[in-house]
Amino acid sequence: MRFIGNKERLIDWINSEILNNNITGELFFDFFSGTANVGKYFKQRDYQIVSSDLLYFSYVLQKAYIENNEYPTFENLLPKLNVNSNKLITDNFDLVLQYLNNLVGIEGFIYKNYTPNNEQKRMYFIPENGKKIDAIRTQIEKWYNDKLIKENEYYILLASLIESVPFFANILGVFAAYKKDWDKRALKPFELKRINLLQSKKEHFVYNQNSMELLNKYEYDIIYLDPPYNQRQYAPNYHLLETIAKYDNPAIKGISGMRNYDKQKSDFCNREKALKELENIVKSKNYNYLLLSYNNEGIMPQEEIIKILEKSGEVILKEYDYLRFKSNNNGEASKKKFIKEQLYILKKNNS
Ligand SMILES: C[S@@+](CC[C@H](N)C(=O)[O-])C[C@H]1O[C@@H](n2cnc3c(N)ncnc32)[C@H](O)[C@@H]1O
């Protein structure tokens, strides 16, 4: 998924630094989970994962990819659906996706508020796709309430929906605004895509809360920090994914139909508070290694970060030149720019 700060393309480098610096352990805390990509990567490398994020749609992804270890059978649901006649599809997950993809659209919250069919004429989705998303989201909830799908199946279907929506959204990467003309991608008929699940023999734990509250809950070997780099909060940029995940008919306002996000504001988007929180994490007792992903343009200055980390052990800073496309605020074409991605490693004194 396209997500600001997504570590998908840096994760191999991060892992190579873990190996080069002899960082070992079993329990890995993905403190700022986002897309869950980091947790997914280390789950596949046999770590036990704890992860959390303030965003509910991130929690949905974590439930499906991190906590869930099973392949969904949909054993209670399939006998109730008339889908087995299709001999071309034999996989149960595919059968359920096909059923959902064939639903007749309904005029629900997404259609009413995020297609040009509303007073504001918001252009996030074409009307047909808005109706399709409503029909699929409503059906998943009904199956769960009727106990036709199990909890893991519920989150797997929701995660499939969350992963599919951006491919049909008329946006430039984030949901804070929609495009004024229809992008080609938004005109295609909506289709729910299958997600790839990860199996593991370990139990994993995922949360939708401020990760500071989880610091003392487990004995972590590695805490991985990937905080926001600047003042921009995540919740308003992804408000529509949040609303589709929750489907809670929120009060919305403004040109983009934003939901309230007062309870999802991160202290890491403020320089002073971020440094204070970092200090609190570093001072906490239950970990051996702390890894911090940051970059040379972040709001916490390098000297301050190092000063805080050094109080608790040996600090190593690794840097990686990363080509990033940066669109500037004037709406001019995006510019190529090299950013120094950084990985701070703290080996705590007792580790
Ligand atoms: C840079 S992104 C993480 C990206 C992630 N590593 C990935 O690869 O997708 C930062 C994330 O931290 C979350 N966040 C910010 N403050 C938080 C807090 N105090 N507790 C939990 N999550 C927080 C944001 O919602 C956002 O999803």
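This is a predicted model: local features need pLDDT of at least 70, side-chain atom pairs count only at pLDDT 80 or more; totals for chains, interfaces and linings use all residues.
Local features are reported at pLDDT of at least 70 and side-chain atom pairs only at pLDDT 80 or more, whereas totals for chains, interfaces and linings use all residues. Residues are numbered from 1 along each chain as its sequence is written, and side-chain values use heavy atoms, with hydrogens and water left out.

The ligand is surrounded by 21 residues, and the closest are K7, T35, D53, D226 and S266; a residue belongs to this shell if one of its heavy atoms lies within 4 Å of the ligand. By class, the shell holds nine nonpolar, nine polar and three charged residues. In this scheme Ala, Val, Leu, Ile, Met, Phe, Trp, Tyr, Cys and Pro count as nonpolar, Asp, Glu, Lys and Arg as charged, and the others, Gly among them, as polar.

A polar side-chain atom of D226 lies 2.6 Å from a nitrogen atom of the ligand. For N210, an N or O atom of the side chain is 3.0 Å from a ligand nitrogen atom. L54 contributes a backbone N or O atom, 3.3 Å from a nitrogen atom of the ligand. On its own the ligand has 610 Å² of accessible area, and the protein covers 98% of that. Accessible areas come from the Shrake-Rupley method with a 1.4 Å probe; for residues, only the protein chains shown count as cover.

T35, one of the closest residues to the ligand, also has a side-chain partner within the protein. The side chain of N37 makes a polar contact with the side chain of T35 at 3.0 Å. A polar contact is a pair of N or O atoms within 3.5 Å; within protein, one must be able to donate a hydrogen and the other to accept it, and residues adjacent in sequence count only if both atoms are side-chain atoms. N37 is in helix 2 (residues 37-44); helices (H or I, at least four residues) and strands (E, at least two) are DSSP runs, numbered from the N terminus. Is N37 buried or exposed? N37 counts as buried because its relative accessibility is 12%, the classes being buried under 20% relative accessible area, exposed over 50% and partly exposed in between (1.4 Å probe, protein chains only). Leaving out residues up to four places away in sequence, N37 touches N6 and E8, where contact means heavy atoms within 4.5 Å.

The model has 28 aromatic pairs. Rings of Phe, Tyr and Trp (its six-membered ring) pair if their centres lie within 6.5 Å; planes under 30 degrees apart count as stacked, over 60 as edge-to-face and the rest as tilted. F29 and Y220 are stacked, at 4.5 Å centre to centre with 20 degrees between the planes. This pair links distant parts of the chain, 191 residues apart: F29 is in strand 1 (residues 27-30) and Y220 in the loop between strand 3 (205-207) and strand 4 (222-225). Both F29 and Y220 are buried. Y144 and Y154 form another stacked pair, with 4.1 Å between centres and 15 degrees between planes. Here Y144 lies in helix 6 (residues 127-145) and Y154 in helix 7 (residues 151-164), ten residues apart. Y144 is partly exposed at 26% relative accessible area, while Y154 is buried at 5%.

F29 also belongs to an aromatic cluster with F31, F32, F205, Y218, Y220 and F268. S51 lies in strand 2 (residues 48-52) and is buried, with a relative accessible area of 1%.

Helix 10 (residues 239-246) is largely enclosed by the rest of the structure because seven of its eight residues are buried. These are H239, L240, L241, E242, T243, I244 and A245. They pack against helix 3 (56-67), helix 5, helix 6, helix 7, helix 9 (234-237) and strand 6 (258-259). Y247 follows helix 10 and has a positive phi, near 45 degrees.

Most residues other than glycine have a negative phi. N22, in the loop between helix 1 (11-20) and strand 1, has a positive phi of about 55 degrees. K121, in the loop between helix 5 (109-114) and helix 6, has a positive phi near 55 degrees. N22 is exposed at 57% relative accessible area, and K121 is exposed at 52%.
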